[in-house]
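Please look through the sequence and the 3D structure below before reading on, and keep both at hand.

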Amino acid sequence: MTDAAVPTLYDWLGGLPALLRLTERFYERVKDDALLGPVFEHMGGEHPAHVAAFLAEVLGGPAAYSADHGGHPHMIRQHLHRHLCQAQRRAWVALLLDTADELGMPDDPEFRSALVGYLEWGSRLAVINSQPGAVVDADAPMPKWGWGEVKGPYAG
């Protein structure tokens with residue numbers, strides 16, 4: 001199979017309709033979660049669609065989030081001063097993966113490994129960016145996630 005024939009993670013999971021189902025159901029479930037509910041209680045009804053658009057872009061879909069909201073710097077700003085903790089981060093990842101299972105999203109090891117890799121990486125950045133002293137790099141590039149690459153500060 002050539003690289004051109006390898007689907008993006010976005011295409012593999014079913015595109016924006018699948019991500020909208022995922023985020024809408026996830027945020028329905030968040031309301032009943034004792035640890036996560038308070039974190040998201042102020043989010044408006046458009047929040048699931050914004051997160052779906054962000055995930056779509058990260059996973060290889062259209063750049064609508066960047067065009068409409070300002071890309072990764074905007075997402076970072078959403079986490080400033082929220083004081084997220086590791087327990088909340090772990091609960092967020094677990095609930096999102098449970099929701100993916102509930103909705104029958106692809107569960108092949110290759111896809112789930114890539115998805116979990118991004119969720120771990122991104123959620124850890126969210127915790128870092130929610131702590132006192134965090135600042136937004138106005139030039140922060142949008143993360144691009146695919147099949148199996150490692151992201152982050154490693155510069156070996």
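Predicted model: local features only at pLDDT ≥ 70, side-chain atom pairs only at ≥ 80, totals over all residues.

Asp101 counts as partly exposed because its relative accessibility is 46%, a value between the limits of 20% for buried and 50% for exposed residues. Asp101 forms a salt bridge with Arg112, and the closest N and O atoms of the two are 2.8 Å apart. Asp101 belongs to helix α7 and Arg112 to helix α8, so the pair ties together parts that are 11 residues apart in sequence. Arg112, in turn, is buried, with a relative accessible area of 13%.

The salt bridges come to 7 in number, and another of them joins Arg29 to Glu102, with the closest N and O atoms 3.3 Å apart. Here Arg29 lies in helix α2 and Glu102 in helix α7, so parts of the chain that are 73 residues apart in sequence are tied together. Both partners are partly exposed, Arg29 with a relative accessible area of 22% and Glu102 at 42% relative accessibility. The pair is also part of a network of salt bridges that links Arg25, Glu28, Arg29 and Glu102. Arg25 lies in helix α2, and, if neighbours within four places in sequence are left aside, Arg25 is in contact with Thr99, Glu102 and Leu103.

A further salt bridge, with an N to O distance of 3.9 Å, is formed by the side chains of Glu57 and Lys144. This pair links distant parts of the chain, as Glu57 is in helix α4 and Lys144 is in the segment after α8, 87 residues away. Glu57 is buried, with a relative accessible area of 3%, whereas Lys144 is partly exposed, with 43%.

Which helices line the largest pocket with two or more residues each? The largest pocket has a volume of about 700 Å³, and of its 34 lining residues the closest to the centre are Phe40, Met75, His79, Trp92 and Ala126. The elements that give two or more residues to this lining are α3, α4, α6, α7 and α8, with the largest share, 9 residues, coming from α8. In α6, the residues Gly71, His72, Pro73, Met75 and Ile76 are buried, and what covers the buried residues of α6 includes α4, α5 and α8.

On the surface, finally, Val6, Trp12 and Trp147 form a nonpolar patch that has about 270 Å² of accessible area together. Val6 lies in the segment before α1 and, at 35% relative accessibility, counts as partly exposed.

Key:
Residues numbered from 1 in each chain as written. Heavy atoms only, no water. Patch = residues over 30% accessible without salt bridge, like charges linked within 9 Å, V, L, I, M, F, W, Y side chains within 5 Å. Areas by Shrake-Rupley, 256 points an atom, 1.4 Å probe, with all protein chains shown as cover. Salt bridge = Lys/Arg side-chain N within 4 Å of Asp/Glu carboxyl O. Helix = DSSP H or I, 4+ residues; strand = E, 2+ residues; numbered from the N terminus. Buried < 20%, exposed > 50% of the residue type's maximum accessible area, 1.4 Å probe, protein only. Contact = heavy atoms within 4.5 Å. 1 Å grid on protein atoms, 1.4 Å probe; cavity = no way out; pocket = protein on both sides within 12 Å on 5 of 7 lines; lining within 4 Å. Points joined across faces, edges and corners; volume = space filled by probe spheres on them.
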